Amino acid sequence: MHFIDQTSLILKAGKGGDGIVSFRREAHVPLGGPFGGDGGKGGSIIFEVDTHKSTLLDLHFLKMITAQSGENGKTKKMHGADGEDKIVKVPLGTVVRDKSDNRIIADLTHPGQQAVIARGGKGGRGNFHFKSARNPAPDFSEKGEEGQQLEVEIELKLLADVGLVGFPSVGKSTILSVVSAARPEIADYPFTTLVPNLGVVRVPDGRSFVLADMPGLIEGASQGKGLGFDFLRHIERTRVLIHVLDMSPASGRDPLEDYEIINNEMGTYRFNLLQRPQIVVANKMDEDGAEENLERFRKAHPDLEVFPTTALIAEGLQEVLYRAADLLDVTEPFPLQQDENIGVLYKYEPEPEPFTIRNLGNGQWVVEGDEINRLFSRTDFENEQQVMQFGIALRKMGVDAALREKGIQEKDTVFINDFGFEFTDMDEE
Ligand SMILES: Nc1nc2c(ncn2[C@@H]2O[C@H](COP(=O)(O)OP(=O)(O)OP(=O)(O)O)[C@@H](O)[C@H]2O)c(=O)[nH]1
Ligand SMILES: [Mg+2]
């Protein structure tokens, strides 16, 4: 199976339905009260973790996802139907970024977790909302809001707790195969592992964790050499590393040098991977000359704890697993990082707009916002003092200035929560 772990997609959430203009018809009234209903909300595009999925293959072929628009309002103040949300199933470990600025929109790390990636537009309000003493028969209504449109970069990052790292052919996949039920390919040529394999490891005391055999790293991996660069990204997700060294002189390499090179690559990679606790495993201890290499290594690194193993016959690995479980117990997950120049962000929450202004034409404006609604509900409009205070608070929030900037005229009507206010420009007094 082809392994797709990165793709991009265009998302178009549903438009909100328009509010409509209509009037109640009564036998003896030529023009009855406003009666136009609200448009329905546009459908949103929601990503949901499906643990049965393991790649982004289906999304790779999709290119674009849309959600249904809301229905327009109907007469008799009837609400148009909401557009249906579109649920997109993604594998655990999916990270979604806004392609325009590379910011993380969602980091889906729990089974069943959902995240709204493109929000559907709000429905427009029908004309009955805009009735006021000054205008008992408004002949206008709001249009539905456009749904959010964006291009996203989707990336799958493995969710292994522990990663096996090291040069090619040191025995990483062999270790995974003897400590878990995973059956990765094992061979004596380099780069046998092209895609990390995951296995669940159960320590005899009952603890368990997910272990991954990373593809071999080589010098220059952090600059994109070999397979390194792509898969260094996967290591980003792990909390503990098992650094595997080949102690056999037959490999033609020097384990002391290998150790330095791999650490250097991991340290140079943009998300300093050396922050993760490392367990050093000296593998292939069954080979001639391995003991001598181990001696040398220990002399060079007297403070390092080294675990000698013969992965082929599962010797020495029990201790390694216990140590990994112990380290996991005390190691917090590393936050997923943005590019260096953006800094660390755990979760991207767009800054809420304090308020929005819509020009309905004919000197009619709508101002909306959570803060404004709160203020509104706290104000007693029968009380002149409070009404003044409401006006002052709006001005402080910058509502007046924003309206002026959009070209509001003296005596235009500003609707807030279905109430119409006459605009008077206090700053020009
Ligand atoms: N003698 C000996 N050979 C081993 C031992 N562990 C693994 N091997 C052999 O080393 C070779 C490479 O093993 P793999 O597990 O595929 O190595 P890897 O690190 O996953 O290699 P890549 O996927 O290429 O990065 C295979 O031929 C294994 O049988 C060991 O403890 N002793
Ligand atoms: Mg391998």
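Me: In which order do the six strands of the open sheet stand, and what is the sense of their pairing?
Reply: In this predicted model, the six strands form an open sheet in the order 10-11-9-12-13-14, with mixed pairing. Strands here are DSSP runs of E of at least two residues, helices are runs of H or I of at least four, and both are numbered from the N terminus.

Me: What makes strand 10 and strand 14 the edge strands of this sheet?
Reply: Strand 10 (197-202) and strand 14 each pair on one side only. Pairing requires that DSSP find at least two bridges between two strands. On average, neighbouring strands of the sheet are turned by 25° against each other, direction ignored.

Me: What conventions apply to the numbering and to the use of the model?
Reply: Residues are numbered from 1 along each chain as its sequence is written, while chains are lettered from A and ligands numbered from 1 in the order in which they are written. As the model is predicted, local features need pLDDT of at least 70 and side-chain atom pairs count only at pLDDT 80 or more, but totals for chains, interfaces and linings use all residues.

Me: Which strands form the three-stranded open sheet, and which of them are at its edges?
Reply: The order is 4-2-7, again with mixed pairing. Strand 4 (86-90) and strand 7 (114-118) are the edges, each pairing on one side only. From one strand to the next, the twist averages 30°. Strand 2 (residues 45-49) runs antiparallel to strand 7 and is joined to it by four bridges; Val116 is the bridge partner of Ile46.

Me: Which strands pair with strand 8, and over how many bridges?
Reply: Strand 1 (residues 6-12) pairs with strand 8 (residues 149-156) over seven antiparallel bridges, and Thr7 stands opposite Ile154. Strand 5 (residues 94-98) also pairs with strand 8 in the antiparallel sense, over five bridges, with Thr94 opposite Leu156.

Me: Why is Lys76 called exposed?
Reply: Lys76 has 12 other C-beta atoms within 10 Å. A residue is exposed at 12 or fewer such atoms, buried at 20 or more and partly exposed in between, with C-beta atoms placed from the backbone; Lys76 is therefore exposed. Lys76 lies in the loop between strand 3 (64-66) and strand 4, and has a positive phi of about 60° although it is not a glycine.

Me: Why does Ala314 fall into another class?
Reply: Ala314 has 14 other C-beta atoms within 10 Å, a count that makes it partly exposed. Ala314 is placed in the loop between strand 14 (306-308) and helix 6 (317-330). Its phi, near 60°, is a positive value in a residue other than glycine.

Me: What makes Asp205 count as exposed, and where does it lie?
Reply: Asp205 has 9 C-beta neighbours inside 10 Å, and so counts as exposed. Its loop runs between strand 10 and strand 11. Asp205 and Ala325 are 120 residues apart in sequence and 9.9 Å apart in space, C-alpha to C-alpha.

Me: Which residues come nearest to ligand 1, and what makes up the shell?
Reply: Of the 24 residues around ligand 1, Gly171, Ser173, Thr174, Thr193 and Gly216 come nearest. A residue is near the ligand if its C-beta atom, placed from the backbone, lies within 6 Å of it. Helix 2 (residues 172-179) gives the largest share of the shell, three residues. By class there are nine nonpolar, nine polar and six charged residues; Ala, Val, Leu, Ile, Met, Phe, Trp, Tyr, Cys and Pro count as nonpolar, Asp, Glu, Lys and Arg as charged, and the others, Gly among them, as polar.

Me: Where does pLDDT stay under 50?
Reply: This applies to residues 338-351, for which the model has 16 contacts beyond four places in sequence. On this scale of the predictor's confidence in each residue, from 0 to 100, the protein averages 85, and 88% of the residues score at least 70. Where pLDDT is low, the predicted coordinates should not be read in detail.

Technical notes:
Axes fitted to C-alpha atoms, helices over the stretch in contact; angles between N-to-C directions. Contact = placed C-beta atoms within 7 Å.
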